[in-house]
Amino acid sequence: MSRFSKSLLATLGGLAFIGLVAASLTLIVRYKPYGVPDHRRAEYEARVAALRQHELDRKQNADTAQPKATVDATRHHFGMLDPHVTATHQFRVTNRGDAPLTLDVTDTTCKCTVGNVQQKLLMPGESTDVSLQWNTGYQAEHYEQTALIETNDPGRPTIKLTIEGTIRARLVAPESIPLQAANPGQPNQGSFLYYSQLPGDVVLESIQSDAEGLQWNVTQLDPTKESRLADAEARSAWKVELSCVSASSGIFEIPATLTFRQTDNDETMIREAIITGRVHQAISFHSPDIHSQTGLELGTMVNDRQHVTHVLVRQRDRLDRQLKVLKVEPESLQASMKPLAKEGNYRLTIEVPAGATPAIFNLDNKQGYVQVGDPDTPGLSNWFPIQGCVVELEKS
């Protein structure tokens with residue numbers, strides 16, 4: 001054998017030895033899973049083992065017979081029901097698998113809901129009815145009750161069945177009574193409906209409230225001719241017109257207690273409500289530049305020239321009074337009033353004259369304002385804030 005051949009054989013033998021060592025090390029060394037810290041290795045391996053077992057069980061179950069529970073519908077709406085009646089609905093359950101199916105009622109949301117399974121063991125292809133029964137009691141609201149059916153179907157271990165509906169009410173009355181906005185000293189007026197979904201009349205006997213000058217009147221309606229009651233299933237209905245006078249301007253909310261009486265058995269029913277409304281300010285300001293919270297934004301004005309802004313002032317009470325500017329802040333501003341053709345309306349002119357003293361009035365603790373009112377009527381005034389600043393250019 002030549003020297004070259006011996007060298008080649010020695011090289012090949014070394015490579016083979018290295019390969020055997022590498023293979024043996026591959027069998028011995030267990031590489032750590034990427035991104036799993038050492039203190040969570042046990043948890044990781046347990047999860048991997050569980051996934052492998054789940055996949056193995058799935059493959060084994062795929063080759064075995066299983067039950068399959070199906071339901072035509074899992075929810076039923078009874079619609080509108082009278083109080084104190086019992087309603088029953090049957091849900092159809094079918095076994096569409098190839099192994100026996102077991103059914104059992106395990107839980108209901110109310111003791112009044114009774115789940116009854118006619119046949120608790122269904123062979124493949126068989127069906128049975130599950131009955132849900134509900135006693136409506138006495139309530140004027142929507143109800144929803146459920147029952148849970150436990151099965152041995154691995155793909156559907158529980159079936160949730162639901163029944164729902166609405167109870168006809170002896171009395172339906174609003175919780176809020178909105179009135180129309182009014183001028184100061186004028187009554188706020190409005191109306192509301194109340195109705196019954198059962199036979200018999202319901203009389204409104206009284207409205208107790210702290211609202212000043214509260215007056216009300218009741219008129220019976222034909223519910224079939226009232227569009228607002230189209231879907232209410234009302235047997236009888238009444239319209240209540242009422243009014244009151246608020247002593248102050250702005251929005252008001254006044255609690256009220258309404259007492260009703262059933263004419264067939266003299267039963268009294270009490271309902272609580274809130275009378276709401278709004279009284280206009282006696283003096284109001286109007287301009288597209290006025291913000292409801294921050295007032296009138298004039299911006300930055302250089303005092304090398306005149307700046308003029310106009311605002312509409314409207315008086316809503318005692319239009320014969322003469323309104324005037326009562327106060328302006330800061331003193332750099334000037335304001336004047338001019339009556340318009342429509343009685344009670346004025347044009348308010350706010351002016352920053354040329355050469356006005358520099359001033360800043362756009363800070364939280366330093367804002368300007370204009371106050372307007374009747375100097376001969378104490379308390380009859382209103383004001384709105386003004387934001388901006390007057391600056392002077394430095395002369396070159």
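Mentor: Before we start, buried means under 20% relative accessible area. Keep in mind that this is a predicted model.

Trainee: Thanks! Is Cys389 buried or exposed?

Mentor: Compare its value with that cut-off. The relative accessibility of Cys389 is 10%, and the limit for burial is 20%. Cys389 therefore counts as buried.

Trainee: And how many disulfides does the structure hold?

Mentor: Good thing to check with cysteines around. A disulfide is a covalent bond between the sulfur atoms of two cysteines. Cys244 is buried, at a relative accessible area of 2%, but the number of disulfides in the structure is 0.

Trainee: Which residue in the turn of the E22 and E23 hairpin has a positive phi?

Mentor: Look at the 5 residues between the two strands. The phi in question is about 90 degrees, and the residue is Gly344.

Trainee: Why is E23 largely enclosed by the rest of the structure?

Mentor: Count along residues 345-352, which make up this strand. E23 is largely enclosed because the buried residues number 6 of the 8.

Trainee: One last thing: how far apart in space are Glu150 and Val105?

Mentor: Glu150 lies in strand E8 (residues 142-151), and its contacts include Asp104 and Thr106. In sequence, Glu150 and Val105 are 45 residues apart. In space, their C-alpha to C-alpha distance is 6.2 Å.

Notes
Residues numbered from 1 in each chain as written. Predicted model: local features only at pLDDT ≥ 70, side-chain atom pairs only at ≥ 80, totals over all residues. Heavy atoms only, no water. Disulfide = S-S within 2.5 Å. Buried < 20%, exposed > 50% of the residue type's maximum accessible area, 1.4 Å probe, protein only. Helix = DSSP H or I, 4+ residues; strand = E, 2+ residues; numbered from the N terminus. Pairing = 2+ DSSP bridges. Contact = heavy atoms within 4.5 Å. Lists of a residue's contacts leave out its neighbours within four places in sequence.
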